[in-house]
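Reader: Hey, I've got a structure to look through for class. Can you walk me through it?

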Amino acid sequence: MDNVKDINITTAEWRIMRVIWTLGTGTSRELTDILGESMGWKAATIKTLLRRLLDKDAIKFEKQGNKFIYSAILQETDTIELTTKQFFDQLCARKIGTAITSLIDESELTQDDINNIKAALDKKSPVAEIKCNCLPDGCDC
């Protein structure tokens with residue numbers, strides 16, 4: 001995760017990243033066809049989002065003839081890890097357990113997912129008390 005410092009990827013940009021991560025590489029035509037069909041986006045919208053991702057150093061392109069071939073600079077696992085950290089950094093420390101429970105409740109999980117979550121919890125050592133991070137002197141949230 002060394003090349004991922006701080007990135008703010010919008011929901012629409014995530015859609016494009018997910019397609020690029022799935023394909024490995026994709027031409028602008030492939031991305032336009034896939035996202036145009038699945039999202040109903042116009043080519044101009046997709047090109048704008050690709051430009052934003054290029055500006056954020058999330059993707060790169062290589063020109064081959066008259067084709068632009070896009071690939072990810074950011075790895076999917078690194079991006080998920082950073083985004084998750086950014087999300088939890090915004091929460092009150094005392095509400096993180098509630099947020100995790102909510103994520104589990106709202107997610108479709110395979111048996112492997114459930115086993116991995118249980119294994120992670122088994123390795124986790126509980127803390128006696130969580131200090132609130134909302135105010136310098138703490139709070140009663």
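This is a predicted model: local features need pLDDT of at least 70, side-chain atom pairs count only at pLDDT 80 or more; totals for chains, interfaces and linings use all residues.

Reader: OK, what's the angle between α2 and α3 where they pack?

Author: About 115 degrees, with the axes 9 Å apart. Helix α2 covers residues 28-39 and helix α3 covers residues 43-55.

Reader: And which residues meet there?

Author: From α2 you have L31, T32, L35 and G36, and they meet A43, I46 and L50 in α3. That contact has five nonpolar residues, two polar ones and no charged ones.

Reader: Which residues lie nearest its centre?

Author: T84, F88, I96, I100 and L103, out of 22 residues that line the largest pocket.

Reader: Which helices supply that lining, then?

Author: α4 (76-89), α5 (96-106) and α6 (111-123) each give at least two residues. The largest share is from α5, with six residues.

Reader: How does the lining split by class?

Author: The lining of the largest pocket has 15 nonpolar residues, six polar and one charged.

Reader: Got it. What about strands: do β2 and β3 pair in the parallel or antiparallel sense?

Author: Antiparallel, over six bridges. Strand β2 is residues 59-64 and strand β3 is residues 67-72. Q64 stands opposite K67 in β3.

Reader: How many residues sit between β2 and β3?

Author: Two, and the strands form a hairpin. In the turn, G65 has a positive phi of about 65 degrees.

Technical notes:
Residues are numbered from 1 along each chain as its sequence is written. Side-chain values use heavy atoms; hydrogens and water are left out. Axes are lines fitted to C-alpha atoms, for helices over the stretch in contact, and angles run from 0 to 180 degrees between N-to-C directions. Helices (H or I, at least four residues) and strands (E, at least two) are DSSP runs, numbered from the N terminus. Contact means heavy atoms within 4.5 Å. Ala, Val, Leu, Ile, Met, Phe, Trp, Tyr, Cys and Pro count as nonpolar, Asp, Glu, Lys and Arg as charged, and the others, Gly among them, as polar. On a 1 Å grid over the protein atoms alone, a cavity is a set of points where a 1.4 Å probe fits but cannot get out, and a pocket is an open set with protein on both sides within 12 Å along at least five of seven lines; lining residues have an atom within 4 Å of a point. Two strands pair if DSSP finds at least two bridges between them.
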